[in-house]
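Trainee: I would like to learn how to read a few features of a protein model. Could you walk me through them?

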Amino acid sequence: MLNKRLAGFTPVFVFLLLMVNYIASAQQVKLTSFEPGAIWKDNNGVHINAHGGGILYQKGVYYWYGEHKVEGDAGNRAMVGVHCYSSRDLYNWKDEGIALKVSQDSTSDIAKGCILERPKVVYNKKTRKYVMWFHLELRGQGYKAARTGLAISDKATGPFNFVKSYRPNPGIMPYYPAGTPVSEQLNCKDTKNESETFFCRDLPGGQMARDMTVFVDDDGKAYHIFSSEENATLHIAELNDTYTGHTGKFVRVYPDQATEAPAIFKHNGVYYLIGSGTTGWAPNPARLLSSPSIWGPWTYQGNPCRGDGAKITFGGQSTHILPVAGKKDAFIFMADKWTPKNAIDGRYIWLPIKFEDGTMVIEWKDKWTLADIK
Ligand code: DGJ
């Protein structure tokens, strides 16, 4: 008898639950501007949890992927996985859930408690797959493994399925454009600095791959850009046609200068690469490099930040450069303001990129909108 009575209540209960949820999300204030460093609430009124992230734009929708942080002392360990949000206006974000879940299997490369950083997702038009690359450190091994990880999905919001992790380009020497003097080419019999020594040490097993990003060029070719050689030198490594492996062609960029947090974009045929120094979670001066080709030569252009706070990148660290869809020459510098003592409180610093005197400039704004990008 009781079951019959309860059965009568179920539809009403579910309806009420849906109504409450709808009203709650409808009550979330619609945002109409960016406030760098402020708490940024999603459609459920919860601070966005997508750190060290990147954004994919597809069919009018932006998808933001990032590290999901938890409360308490888990620190930087991945206890949940990669969070995904979606937006049509870049101000208001809908929680799409966990796109890549860490594994409950302690023998998995992405076992709960591993370190899974800087996820970036790109779409492969040939295979119609969403391809996620990320920096992976194996559980309980600190930052020793220095691997890159791969996961694939049929949908932008996932679920992504973990495929493999490894160190790229074992046994392969860097690419040098024709005509590069031999004296400028790395020679493992005569290394010139510590970074080259690390490269040669790691040559047989594959190169270290930590902080990273992925870039798809106008011709559909994709590149994996990552800190290597104990974070001393960046590598730009070509991905294969399905974006699910490395072709073996790669260059060493800004050698022996210790760059992390790479973010890259292309403007008027010029490639721009922004990174940070290597000071753990503490902010430091951003560094800008530019090149006429993805293969270089890459030229150091100094710190692109101007004004108060420029010397510490306004308290942030680069993670992605976002081209604004449908707005010519409009790019957003995306940075993380880390809070390692309570990682879940990490903030986001998004600032407009300006082009002045043939280079790019980033200035602080307390509050701004897409209309401010001139
Ligand atoms: C700086 C890197 O950019 C972050 O992704 C993270 O690995 C921290 N170092 C860890 O100290």
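Mentor: Gladly! Let us start with a term: a residue counts as buried when its relative accessible area is under 20%, as exposed when over 50%, and as partly exposed in between. Keep in mind that this is a predicted model.

Trainee: Then is cysteine 200 buried or exposed?

Mentor: Cysteine 200 has 18% relative accessibility, so it counts as buried. Cysteine 188, at 34%, counts as partly exposed.

Trainee: How many disulfides does the structure hold?

Mentor: It holds 1 disulfide. The bond joins cysteine 188 to cysteine 200, with an S to S distance of 2.0 Å. Cysteine 188 sits in the loop between strand E8 (161-166) and helix H2 (194-202), while cysteine 200 belongs to helix H2, so the bond ties together parts that are 12 residues apart in sequence.

Trainee: Why is the disulfide of cysteine 188 and cysteine 200 called left-handed?

Mentor: Look at the torsion about the S-S bond: it is about -90 degrees, so this disulfide is left-handed.

Trainee: What about cysteine 84?

Mentor: Cysteine 84 is buried, with a relative accessible area of 0%. Cysteine 305 is also a buried residue, at 5% relative accessibility.

Trainee: Let us turn to rings. How many aromatic pairs are found in the whole structure?

Mentor: A search finds 29 aromatic pairs. In general, a pair of aromatic rings is described by the distance of the centres and the angle of the planes. Take phenylalanine 34 and tyrosine 91: their ring centres are 4.6 Å apart and their planes stand at 50 degrees, so this pair is tilted. Phenylalanine 34 lies in the loop between helix H1 (2-27) and strand E1 (51-58), and tyrosine 91 in the loop between strand E3 (81-87) and strand E4 (94-101); the two residues are 57 residues apart. Both phenylalanine 34 and tyrosine 91 are buried.

Trainee: And how do tryptophan 64 and tyrosine 348 pair up?

Mentor: Their pair is edge-to-face, with 4.9 Å from centre to centre and 80 degrees between the planes. Tryptophan 64 is in strand E2 (residues 61-67) and tyrosine 348 in strand E20 (residues 347-356), so the pair ties together parts 284 residues apart in sequence. Tryptophan 64 counts as buried at 1% relative accessibility, and tyrosine 348 is buried with a relative accessible area of 3%.

Trainee: Which residues form one aromatic cluster?

Mentor: Among them are Phe34, Tyr91, Trp64 and Tyr348, along with Trp40 and Trp350.

Trainee: Where does lysine 249 lie?

Mentor: Lysine 249 lies over the face of tyrosine 175, at 4.4 Å from the ring centre.

Conventions: Residues are numbered from 1 along each chain as its sequence is written. This is a predicted model: local features need pLDDT of at least 70, side-chain atom pairs count only at pLDDT 80 or more; totals for chains, interfaces and linings use all residues. Side-chain values use heavy atoms; hydrogens and water are left out. A disulfide is a pair of cysteine sulfur atoms within 2.5 Å. Helices (H or I, at least four residues) and strands (E, at least two) are DSSP runs, numbered from the N terminus. Buried means under 20% relative accessible area, exposed over 50%, partly exposed in between (1.4 Å probe, protein chains only). Rings of Phe, Tyr and Trp (its six-membered ring) pair if their centres lie within 6.5 Å; planes under 30 degrees apart count as stacked, over 60 as edge-to-face and the rest as tilted. A charge sits over a ring if NZ of Lys or CZ of Arg is within 6 Å of the ring centre and within 35 degrees of the ring normal.
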